[in-house]
Amino acid sequence: MRFFLVMLRHACRNMLLTWKSQCMTLFTVSLSVLIFSFFYLIYANALQIGSELDDDLRLIVYLDEEPTPPMQEEYRDKILKFDQVERIEFVDSLQAFKRFERQLGDSSDILTGVPTDFLPPSIEVYPIRSLDSLSRIKRFSDYLQTLPGVLKVQYGKEWIERFYSFVQLIRVVILLSGSLLIMTTTFMVAHTIRLTLVARQQELELLRLVGATNNYIRTPYLLEGAMQGLLGGGLGMAALLLLFNWIKLQFAGPATTSLLSFTFFSWPVVLLIVGAATLLCAAGSFSAIRRFQIGRASCRERV
């Protein structure tokens, strides 16, 4: 415990002595974490919205006549043969008429005298609510169109295709921003640590002469890199929380609240992102230290 406290004190001193480069590294790490977590938050909320889809994720198969019970079973078997679904509902003409009447509300009197069987019977197919089902729903619709007695298959085609394309785009952006996070954190921390090592080269040689071990020399710089990742990750997530709350205030309203429910990361996810930034920065620090030690060893061999 005492050894760790001594190493932590040395790491803090190193950071104070090189505060300009440390601030630049801290800013870079925080910005990288903010960019990555921002797009990941959008992706997480998009997944949540996709899982909460209700009637928009529904295929309505219009039939030319009322299916008999044996025909209903045949339709059910053929649908399940193509893909698993949440449920299948058969709606006859009378049920469709009553639904339409309820939807009209106070204006339902316009249906006076209209035959109750003027609407075609239909099959309502509810796919499993996931992004994979969104990608397959077009093929599902084409398959349902080939079933006997089918007049037309209707679903929210444009909305679903745009939503799926948006989620796919966010996936690509997350991969790119994640790569940016890895490269910037490891490179910037390694560069900062390397500059610190070069600036304190004579002091490190004196430590070696008085018998300091490699662990004693390396540990403060490893802690320095880890602290950069911890502080940068924490600041990045704090900035994301402020940005998230500001965006929610801009779109606050009863209509938006009822349609979309945006949520922030849970604590385990926040800790996971900050922990990943800490490990990446520690890895960059370790890379700089390892190369420096090898270089010093080769120099002594030449002497």
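**Notebook: helix H4 and the protein chain**

I began at the start of H4, where a side-chain oxygen of aspartate 92 comes to within 3.3 Å of the backbone nitrogen of leucine 94. I worked on a predicted model, in which local features need pLDDT of at least 70, side-chain atom pairs count only at pLDDT 80 or more, and totals for chains, interfaces and linings use all residues. Residues are numbered from 1 along each chain as its sequence is written, and side-chain values use heavy atoms, with hydrogens and water left out.

I then looked up the extent of H4 and found 12 residues, 93-104. From first C-alpha to last, H4 reaches 17 Å, close to the 16 Å expected at 1.5 Å a residue (the expected span is 1.5 Å times one less than the number of residues).

Next I asked which residues of H4 are buried (under 20% relative accessible area, 1.4 Å probe, protein chains only). They are Ser93, Ala96 and Phe97. Down the axis of H4, these buried residues fall within an arc of 100 degrees, so they line one face of the helix (the arc is that of the directions from the helix axis to the C-beta atoms). I noted that their cover includes strand S2 (85-91).

Just after H4, I found glycine 105 with a positive phi of about 65 degrees.

Finally I turned to the whole protein chain, which has 10 helices and four strands (DSSP runs, with helices H or I of at least four residues and strands E of at least two, numbered from the N terminus). Of its 303 residues, 38% are buried.

How values were computed. Buried means under 20% relative accessible area, exposed over 50%, partly exposed in between (1.4 Å probe, protein chains only). Contact means heavy atoms within 4.5 Å. A polar contact is a pair of N or O atoms within 3.5 Å; within protein, one must be able to donate a hydrogen and the other to accept it, and residues adjacent in sequence count only if both atoms are side-chain atoms.
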